Amino acid sequence: MARTNTKRSALRHLLALLIIVLSLGALTGGLSAWGDGSTTPRLGLDLEGGTEMVLEPVLENNQQVSSGQIDQAVDIIRQRIDANGVSEAEIATQGGKNIVVSIPGTPTTEQLDAIRKPSQLRFRPVFVQAYSDPGAAVNPSGTPTDTPTGTSTGTSTGTATSTGTPSAATPSTSATAQNGVVPQALTAETTPATPTATPTGSASATTPATPAPTETAPTAPTAAETEAAVKTQVSTGLVAMGWDKATADEAAAKVAKEYVALDCTQPGALEGVSDLKDAPMATCGADGVTKYVLGPVEIDGSEIADATSGFQPGPNGAPTSIVEVALSFNQAGAQKFAEVTKRLYGLQSQPPLDQFAVVLDKSVITAPQARAVITDGRASITGSFTIDSAKQLAQQLKFGALPISFALQTSDNITPQLGEEQLRIGLLAGFIGLLLVVVYSLFQYRALGLVTVASLIVASVITYLAVTVLGTTHGFRLTMAGVTGLIVAIGVTADSFIVYFERIRDEVRDGRPLVAAVETGWKRARRTIIAADAVNFIAAAVLYFLASANVRGFAFTLGLTTLIDLIVVVLFTHPTVQLLARTKFFGGGHKWSGLDPQRLGAKEEVRYRGAGRFGPACPTTDAPSAPTGSGAPAGTAAPAGSSRLSERKV
């Protein structure tokens, strides 16, 4: 029964490995056939070439750029690109102020956006919010019937709470088809016409007919009226922030003129927008429709500790269908955010003064309402998000705070730094190393060395499929450093087999039958293999998180192949040896099996054979032999239930 259970267990492990290989193969084929995947691993910048972009800092008013600002910008751009996958991009400085970004292959839209939008991320209060779509229809209440929803960059409205309770945002202004933007204070009331009775005959005629009432369209304010209303609202907001009334009126008058002149539907509308930290600004939303007047900067993007996206958890901790962006600040940012939300929460009756806008590259990427006083520095932003738009907004919040703005100066295609010849040499080196391992295994372990060869083949197939799939799903690219990690993994994998096989041979030398030697050797070797692979994996993880550039590629492939080594040893090598131990060739200790007891110098184990007789036990099988005179031929198993024929080790 024990042997049957062991065999079933071995077959189950082999079946599990087969399912893993087939799943990876199917995933690779599916991504290639129905997605943008490939059946070959993606190569890095040094092996395939790519695109080189030069970013030049945008300096205003004799602004000077420091080396510290450039270094900080390099780190943030690298984080943005790496957030889209392990792409092995190279980022360096040029001339002390320019930044050179080299990306392998053809850059994706996300990578280009991460590079082309390297400006400051800031939090500003909202004073005016309206829609500047000239084609928006107007219902009798004066509210546009077409309200923009979330775009790929997030939503222009939403809520920010400490508990994550969603609530729809209310537009603070209304729009007309004539001039686009009308503050609520100027929205005309709809007044029905007063009917008059007109007799249609003599004095004794019937009751005069009453004409049906008609509605008059709301009167569109002039530009001067819009400017005056905006000035009043902005001045009110500045005074609420503690500004002097005269200073607030002066700043409000200036930004009101900019607001009236701004047309968000026109390309390049934000080029002339002023983005001074200590002054209000007129700007547009990322949707190209919403128009804002924002207050001075209250929180800088550098004070964000983390931003993540996902489904908002419910009261019981289970995820709901609401998509949220979870935002957290550092200590200084949390204190400022508590003061901001306290002031905005008290203005809920005066929308849009209860909103704050997140501004990236002069554009509002989201403008949630404050529905709670958030004192712990952790907020939940909800709205018309999709999973993709929430993820992009979270990345913008997390990696958006560059110290200065940059413009794309040049973009050129570059040739491979090493090319196919170097890749061919690297693969040749790996093949030679693999061949040496195979030769050593066959010389040292005879036929048992074929298990090593088969295990290396299985590990190679899984590694190839895994690297190919990761190239499609996570942007992983194989560089020369990564190829080096794969070559080193051959030795790591072979080392696991050597530890296991030597443990088995040690047990055979001690006189154990082969089946028992396989199980006992595995129990002892397993701990050593897991400990060795754990050390390798920890070293790879430390290299990956602390190093940069190509070293991360080496660390990634080393860590990946270490995990694959464990899978192969557990699901293939050990089950295969378990099954081979029950064959006549290996179990009988053939001299070419690698497990010949005589060649290994096995000890003769003395067992009690009954009837007062002792003799050597056969180390290649654990089946007892029938004693002479029992009626059974020599070397056969004793009948069940005969205690007289049982063997006892002495």
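This is a predicted model: local features need pLDDT of at least 70, side-chain atom pairs count only at pLDDT 80 or more; totals for chains, interfaces and linings use all residues.
**Talking through the labels**

Visitor: Which residues is isoleucine 567 in contact with, once its neighbours within four places in sequence are left aside, and what makes those pairs contacts?

Guide: They are Leu17, Ile20 and Phe572. A contact means heavy atoms within 4.5 Å, so each of these pairs meets that limit.

Visitor: Why is isoleucine 567 called partly exposed?

Guide: Its relative accessible area is 31%. Buried means under 20%, exposed over 50% and partly exposed in between (1.4 Å probe, protein chains only), so 31% falls in the middle class. The residue lies in helix H13, residues 550-580. Helices here are DSSP runs of H or I with at least four residues, strands are E runs of at least two, and both are numbered from the N terminus.

Visitor: How do you know that cysteine 264 and cysteine 284 form a disulfide?

Guide: Their sulfur atoms are 2.0 Å apart. The criterion is a pair of cysteine sulfur atoms within 2.5 Å, so this pair qualifies. The structure holds one disulfide. Cysteine 264 sits in the loop between helix H6 (245-261) and strand S8 (281-285), and cysteine 284 in strand S8. The angle about the S-S bond is -90°, and the link is left-handed.

Visitor: Buried or exposed, what are cysteine 264 and cysteine 284?

Guide: Cysteine 264 is buried at 7% relative accessible area, and cysteine 284 is buried too, at 3%. Across the protein chain, buried residues make up 44% of the 650 residues.

Visitor: What makes S1 and S17 a pair?

Guide: Strands pair if DSSP finds at least two bridges between them, and S1 (residues 50-58) and S17 have nine, so the label holds. Their pairing is antiparallel, and proline 57 stands opposite phenylalanine 406 in S17. Both strands belong to an open sheet with the order S2-S3-S1-S17.

Visitor: Why are S2 and S17 at the edges?

Guide: S2 (90-94) and S17 (405-414) each have a single partner strand, so one side of each has no neighbour in the sheet.

Visitor: What is the shape of H12, going by its span and its bend?

Guide: H12 (residues 514-546) has 33 residues and reaches 46 Å from first C-alpha to last, close to the 48 Å expected. That expectation is 1.5 Å times one less than the number of residues. There is also a bend of about 30° at alanine 525, taken as the angle between axes fitted to the seven residues ending there and the seven starting there. Among the buried residues of H12 are Trp522, Ala525 and Tyr544.

Visitor: What stands out about arginine 446 and proline 352?

Guide: Most residues other than glycine have a negative phi, and most peptide bonds are trans. Arginine 446 has a positive phi, near 55°, in the loop between H9 (419-445) and H10 (449-473). The peptide bond from proline 351 to proline 352 is cis, with omega near 10°.

Conventions. Residues are numbered from 1 along each chain as its sequence is written. Side-chain values use heavy atoms; hydrogens and water are left out.
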